Structure formats: C-alpha cells, structure tokens
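Dear colleague,

Please find the structure below, together with its sequence.

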Amino acid sequence: MGYLLNLTLNSQRYNIHIPTLKDWENCGISQSKIKQELEQLVEMKVIFWDKDKMEFSFNVNTDEWQAKLLECFSEDRCQRILKMNKSSEH
C-alpha cells in the first residue's frame with residue numbers, strides 16, 4: 001500500500017496507472033506474489049483495481065475497509081492525532 005500511496009501523493013492523481021505486475025517489484029513484493037496481495041486488498045475494499053486499464057486507486061471511504069485493526073489500535077488516540085493535525089496544534 002505504501003508504494004501506491006507514494007505514487008498517489010507524488011503524482012497528485014487519484015487513479016495510478018501501473019502498466020505491469022512486474023512494476024510492483026519496486027515495493028519489494030515479487031511478481032509471483034503481488035497479484036494475490038492486490039486481490040486481497042480489493043477483497044478487503046481497501047483499493048480498486050481496473051485490470052483492463054491497470055489502474056489502481058484507494059477506496060477513500062475507509063469505513064468500508066474490511067482490514068483487521070491491530071490489537072493495540074486506539075480509535076480515540078487516532079482521532080486525537082487527526083484533530084491535532086487538522087488544526088495545526090503541534
């Protein structure tokens with residue numbers, strides 16, 4: 001996800017064209033494993049993948065994500081940090 005996020009932020013584009021699965025090796029996942037990883041992220045509704053165009057994008061509706069949270073995740077702490085950053089109180 002970091003690779004897609006990096007490309008999204010640096011290109012300032014919502015849909016990112018990554019021509020081949022081999023190009024995902026830049027993030028350290030082999031071509032033989034990336035398809036399974038991407039399909040899992042699609043299944044969890046974290047990303048969208050237009051296989052015909054080879055375009056990827058994040059599902060910005062994070063409430064729809066079906067990814068498991070870490071046991072140590074604190075929603076209150078996350079909201080506090082988000083609020084602090086939105087108001088520039090740091």
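Is K22 buried, partly exposed or exposed, and at what relative accessibility? K22 counts as partly exposed, because its relative accessibility is 47%; here buried means under 20% relative accessible area, exposed over 50%, and partly exposed in between, with a 1.4 Å probe and protein chains only.

Before the remaining findings, a note on the basis of the values. This is a predicted model, in which local features need pLDDT of at least 70 and side-chain atom pairs count only at pLDDT 80 or more, while totals for chains, interfaces and linings use all residues. Residues are numbered from 1 along each chain as its sequence is written, and side-chain values use heavy atoms, with hydrogens and water left out.

Salt bridges

The structure holds two salt bridges, a salt bridge being a side-chain nitrogen of Lys or Arg within 4 Å of a carboxyl oxygen of Asp or Glu. Side chains of opposite charge can pair when their charged atoms come close. K22 meets E25 in one of these salt bridges, at 3.1 Å from N to O. E25 is partly exposed, with a relative accessible area of 34%.

K51 forms a salt bridge with E39, and the closest N and O atoms are 3.2 Å apart. Because K51 lies in the loop between β2 and β3 and E39 in helix α2, this pair ties together parts that are 12 residues apart in sequence. Helices (H or I, at least four residues) and strands (E, at least two) are DSSP runs, numbered from the N terminus. K51 counts as partly exposed at 47% relative accessibility, and E39 is partly exposed with a relative accessible area of 30%.

The sheet

Three strands form an open sheet in the order β1-β3-β2, with antiparallel pairing; two strands pair if DSSP finds at least two bridges between them. β1 (16–17) and β2 (47–50) stand at the edges with a single partner strand each, so one side of each is left without a neighbour in the sheet.

β1 pairs with β3 (residues 55–58) in the antiparallel sense over two bridges.

I16 lies in strand β1 and counts as buried, because its relative accessibility is 6%. I16 and E55 are 39 residues apart in sequence, but their C-alpha atoms are 5.2 Å apart in space. Not counting residues up to four places away in sequence, I16 touches L4, L7, T8, S11, M54, E55 and F56, where contact means heavy atoms within 4.5 Å.

Which strands does each helix touch? For β3 and its neighbours, as paired above, helix α1 (residues 2–11) packs on the sheet and touches β1, β2 and β3, its direction making about 90 degrees with that of β3. Helix α2 (residues 31–43) also packs on the sheet, touching β2 and β3, and its direction makes about 120 degrees with that of β2. Axes are lines fitted to C-alpha atoms, for helices over the stretch in contact, and angles run from 0 to 180 degrees between N-to-C directions.

Loops and surface

Q12 is found in the loop between α1 and β1. Q12 has a positive phi of about 55 degrees although it is not a glycine, and it counts as exposed at 74% relative accessibility.

M54 lies in the loop between β2 and β3. In this hairpin, which has four residues between the strands, M54 takes a positive phi near 55 degrees. M54 counts as buried, at 14% relative accessibility.

V60 lies in the loop between β3 and α3 (75–86) and counts as exposed, at 58% relative accessibility.

N85 lies in helix α3 and counts as partly exposed, at 44% relative accessibility. N85 and K33 are 52 residues apart in sequence and 36 Å apart in space, C-alpha to C-alpha.

With kind regards
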